[in-house]
Amino acid sequence: MKKQLLLGSALLAFGFASAQTVQNIPTAEGSYLEISETAVDYDPVLLNDPTTGEPIEHFTYNPSKVSVTGDDGKKISYSNNPEAAPIYVNNTHDGESATWAVKSEAASCYIIRFAYSSKNDAPGASGTFQLLDKATENSVWEKTFEAAATATASYAFFTSEVYVDETIPAGEYLFRINFHQEDPLAPSFRICQISFEAREEVVPVNLNVYCEPAEGGSVTVKPSRTQFVSGTEVTLQAIANTGYKFVGWDNGIDPVFTTNPYKFNIEDETDITAMFEEVQMWSNIPGYVNFENTRLVGQGAVQYDTHQIKFYNPESGEYDILHEGAPGSVPWLGNYRNGNSERFELNATEAGTYNFVFHWSWKEKKVDEAPTLTFQIFDKDAYDADATAAMPEWAKTFAPEEVTKQWFQFKEQRYDDVTLTKGRKYLNILFKEPNQNKYTINILDMKFGIGDNYGEDAAIEEVAIDANKAVRAYNLQGIEVPATTKGLIIVDGKKVYNK
């Protein structure tokens, strides 16, 4: 097993104590790393001012909490206790460098791991990593790392790595990072927690990820980089933009496949494309409203709960009905605040009276007055022509009478009086809360139907009849319907109920 030592916090700490310290790099055989007392002419850490040539100390503890986000996306937080928080090289400028004295015990290749941060107001930051022969200071290896502006605070770090993919002979070296910056007056990126892992062989391979079409969505990559050591496990997740859906991966070798997230061990240079397909920005009703593909205005967020989604069972009084699908796989609307709104586009395939069902959660009741949801359905053409003058075809305000106690526990609400004409509609939702800065109600899903029909077929069920026997029939709103329509209708001026 290969062993490693964090040069960032451990070595920097020794840097304060002794100017005669050399860091041993692990051998390919994996011997334990030790800090040995070897006479050298270099401090363990030197930062050189490019104008004066004098070394400057730029290592520090941040007074705030330091967090490091690992390759798995999880954060490790450190307190502002100097014994716990990482020491890091801080506020370097263009042309400055940090140097460590190191010793390689045997010929090896290396993975150099580190954590870094780069503020958004410091574009063009990079660091050139070098191994120099200690006696001559001639470079035996170097690589430049481009530090993307990924953090807006100096105490938020992300892990990364560079690869020494050529064998470095045993011997004493200087490990140096030269800092670069487009703006010479702006500080470049910060770096901490540097470590070496020795390997007999390091084979870097590139991962090239594309989206087709480019506007269809994006892909997250974990670990978050474009180059890896051959054999590394990589996870890709395709995320469709509004108006698109993910339809599969194309790696140029296998048939198109839809596994998402997709995990694999990268062995060679890999090109892979996430393919997206444009979808209509409206839902045919009756049917479910797709939160991700039908949203027109989003002031909150479509979220995925990490818990199992549960429905309230009125018979048992418990939340014991699990939502279809794997735990956490069901999207819901959350984190809406007072005055936030959301709009969905629908298409009423037939005129009629629909029922409308949605599931809601309200975690806590700390006020006398409950938050509310106001639903309004407008004719799209009328609304687009003049939103201020358009009158809703249907409107309802919902206020829960009790809490669900947990965000992932949902109760059902149903309305059976949604009378709509045929055509495109806007469904507007307004979120209200009596107590400012408290989350309002969350919504799990929404669906429209007639009776128990929530399918994608016609809203009004039609049955073929003899044209000679056909009569004119109307629903209670005076809209002509087939005479065999189920439910209460008017035929020849009389009310008739068809089962």
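Reader: Why does Phe145 count as buried?

Author: The relative accessibility of Phe145 is 11%, and buried means under 20% relative accessible area, exposed over 50% and partly exposed in between (1.4 Å probe, protein chains only), so Phe145 counts as buried. This is a predicted model, in which local features need pLDDT of at least 70 and side-chain atom pairs count only at pLDDT 80 or more, while totals for chains, interfaces and linings use all residues. Residues are numbered from 1 along each chain as its sequence is written, and side-chain values use heavy atoms, with hydrogens and water left out.

Reader: What makes the pair of Phe145 and Phe189 edge-to-face?

Author: Rings of Phe, Tyr and Trp (its six-membered ring) pair if their centres lie within 6.5 Å; planes under 30 degrees apart count as stacked, over 60 as edge-to-face and the rest as tilted. Here the centres are 6.1 Å apart and the planes stand at 65°, so the pair is edge-to-face. Phe189 counts as buried, at 0% relative accessibility.

Reader: Which angle and distance describe the aromatic pair of Phe175 and Phe196?

Author: The planes make 80° and the centres are 5.1 Å apart, which is edge-to-face. Both Phe175 and Phe196 are buried. Ring pairs link a cluster that includes Phe145, Phe175, Phe189 and Phe196.

Reader: How do you know that Lys411 lies over the face of Tyr312?

Author: A charge sits over a ring if NZ of Lys or CZ of Arg is within 6 Å of the ring centre and within 35 degrees of the ring normal. Lys411 is at 4.3 Å from the ring centre of Tyr312 and lies over its face.
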